[in-house]
Amino acid sequence: MHDGGSPASAAGPGGRIKTLVILGASGDLTGRLLLPGVARLIASGRAPGLSLVGAGSDDWTAQTWQGRLTKSFAEALSGTSDGSSTGAGRAELARVQKGSSYHQLDVTAKGALGDFLKSVEGPVALYFALPPAVSQKACEVLRKKELPAGTRLVMEKPFGSSTESARELNATLAGLVPEDHIHRVDHFLGKSTVLNIMGLRFANRLLEHSWNGEHVEKVEIVFDESLTLENRARYYDHAGAGRDMIQSHLLQIMAIMAMEPPATLEENDVRSNIAAVLRASTIGPQGSTDFAANTRRARYTSGAIGDRQVPDYLAEDGVDPANDTETLAEVEVYVNNWRWAGVPFILRSGKALGRSRKEAVVTFKPVPHLPIGFKGTDSPTRLHIGFGPETLTLDLDVNGPGDLFTLDRVQLEADLGSDPLLPYGEVLDGVLSADPLLSVRGDTAEECWRIVEPAFAAWKSGEVPMEEYAAGSPGPEDWPTTAEV
Ligand code: NDP
């Protein structure tokens, strides 16, 4: 559902974007994720009057570009009979495609991007769908005066590779546009994910009252995929599960789970509260450097996922064993403030697991006293928030059928609201409507690196052993999150 006049969707400073310029138009991200997101967004009627321009270093003809648009748009719209696209929206998409052009450009050459931008109608969103080093170089050679008024810069992950490099990149960007015109993309921070967590927490007095260390034993945030490397060794074999998922997406979701209630859904209120959580966070209890106790890492060996045979990770094309890359990682983060002192937030993500599991699970402490006379297991109250599909499940103990003295487990289930836009459609919706609510703010991008860096250094030095799990299994058996799968 689109919320029309809500603060989260109102056009922010600088007004609505007129032209979306995709740098890296011939790349994988553009074809597989970005253009389908553009298609859904325009077809839903939410991006009226937009122009689309592609740029890349390849010598593409207009026909090649049009061919790419036709393919990506058709794939994105096939099967959207759920009301997410309108007749007028589809006509608008055809108009955008017809008017779209491709330009060959080396964005790292001094003046090249600036000159090109003179021919584009502003305000412009410049989407850097480029290798990170190329994006950085492109921003370094750009000059503020070359940017049309109201320009927004859209930066992909990874944002830097350390606290220091993220800080340097932030400084470069700050020399070009104001912070609220910089969109550091985290496509896991979809509007539905963020708003569902906040709605659940802040619209229910019952929940918020017990949302703290006095009542909560632990919080787990799990993103297990059954997908394997899928030919992405060039990127993934250098990133691993820790950098790919935990450093960015999972810490952001943790911050929304742990944040203080914001006064409004304006970006400044929400993002400041997210930043406060991350500033207070460490891996392991504050001051601990026992990363062998507070983190785990593992790599998949050969196995079967359904009827698909999966090779050992180290035998996958393009993998270098010397990189010592983990395909499953788990870290225990502590938010060292009054509300959360002593409560572990266990963040786990990995590939080639037996089942895809994407959820946050809040486990509440046991009751202080269970009346003597009840039989059966007194299991903890658990709240599961599912991400894609968006669901809510509450596990409770109730009096069992038959014998009312025996406790039994029930699950209260609900579907939560979702947005028919694809994740990149949601990202672009924020960019085009000039709303940075769902973008990662510069200081939090640095904080996320600051939190994980000591653990990654311990992994590199061999302080934390690399474990193994068979592809298709639930993961190493003795990990706490595996036991509950
Ligand atoms: P690709 O290598 O597939 O594409 C990179 C694009 O950049 C190509 O179009 C390439 O053109 C272009 N390019 C390279 N150098 C220049 C230059 N000097 N001037 C102009 N264009 C240039 O990368 P991806 O699409 O996979 O990734 C892009 C970004 O998105 C990365 O930051 C990545 O981390 C991020 N990302 C990617 C995801 C994915 O699934 N692919 C998912 C999430 C994030 P040419 O081919 O002509 O060199």
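Trainee: Where does Pro-123 sit?

Mentor: Pro-123 is in the loop between helix H4 (112–117) and strand E4 (124–128). Helices (H or I, at least four residues) and strands (E, at least two) are DSSP runs, numbered from the N terminus. This is a predicted model, in which local features need pLDDT of at least 70 and side-chain atom pairs count only at pLDDT 80 or more, while totals for chains, interfaces and linings use all residues. Residues are numbered from 1 along each chain as its sequence is written, and side-chain values use heavy atoms, with hydrogens and water left out.

Trainee: What makes the peptide bond from Gly-122 to Pro-123 worth a look?

Mentor: The bond is cis, with omega near -5 degrees. Most residues other than glycine have a negative phi, and most peptide bonds are trans. The peptide bond from Gly-388 to Pro-389 is also cis, with omega near -5 degrees. Pro-389 is in the loop between strand E15 (382–386) and strand E16 (391–399).

Trainee: Which phi does Asp-324 have, and where does Asp-324 lie?

Mentor: Its phi is positive, about 55 degrees, although Asp-324 is not a glycine. Asp-324 lies in the loop between strand E11 (308–310) and strand E12 (328–335).

Trainee: Why is Asp-324 called partly exposed?

Mentor: Set its value against the cut-offs. Buried means under 20% relative accessible area, exposed over 50%, and partly exposed in between (1.4 Å probe, protein chains only). Asp-324 has 30% relative accessibility, so it counts as partly exposed.

Trainee: What about Ala-352: buried or exposed?

Mentor: Ala-352 has a relative accessible area of 0%, so it is buried. Ala-352 too has a positive phi, about 60 degrees, although it is not a glycine. Ala-352 lies in the loop between strand E13 (344–350) and strand E14 (357–364).

Trainee: Why is Arg-355 classed as partly exposed?

Mentor: Its relative accessibility is 44%, so Arg-355 counts as partly exposed. Arg-355 is also in the loop between E13 and E14.

Trainee: What makes the pair Arg-357 and Glu-359 a polar contact?

Mentor: A polar contact is a pair of N or O atoms within 3.5 Å; within protein, one must be able to donate a hydrogen and the other to accept it, and residues adjacent in sequence count only if both atoms are side-chain atoms. The side chains of Arg-357 and Glu-359 are joined by such a contact at 2.9 Å. The side chains of His-183 and Ser-439 make another polar contact, at 3.0 Å.

Trainee: Why is His-183 called buried?

Mentor: Its relative accessible area is 1%, so His-183 is buried. His-183 is in strand E6 (residues 182–184).

Trainee: Which residues come nearest to the ligand?

Mentor: Ser-26, Asp-28, Arg-32, Ser-57 and Asp-58 come nearest, out of 25 residues around the ligand. A residue is near a molecule or strand if one of its heavy atoms lies within 4 Å of it. Helix H1 (28–43) and helix H5 (132–141) each supply at least two residues of the shell. H1 gives the most, with four residues.

Trainee: What distances separate Arg-32, Asp-58 and Gly-27 from ligand oxygen atoms?

Mentor: A polar side-chain atom of Arg-32 lies 2.6 Å from a ligand oxygen atom. For Asp-58, a polar side-chain atom lies 2.5 Å from a ligand oxygen atom. A backbone N or O atom of Gly-27 lies 3.0 Å from a ligand oxygen atom.

Trainee: What makes up the largest nonpolar core?

Mentor: A nonpolar core is a set of buried Ala, Val, Leu, Ile, Met, Phe, Trp, Tyr and Cys residues joined through side-chain atoms within 4.5 Å. The largest has 102 residues; Leu-126, Met-254, Met-257, Phe-345 and Leu-347 have the most contacts inside it. Helix H9 (residues 233–258) gives the most to this core, with 13 residues.

Trainee: Where does this core lie relative to domain 1 and domain 2?

Mentor: Domain 1 (7–185) and domain 2 (191–421 + 441–470) both give residues to this core, so it lies between them. Domain bounds come from an automatic or database domain assignment.
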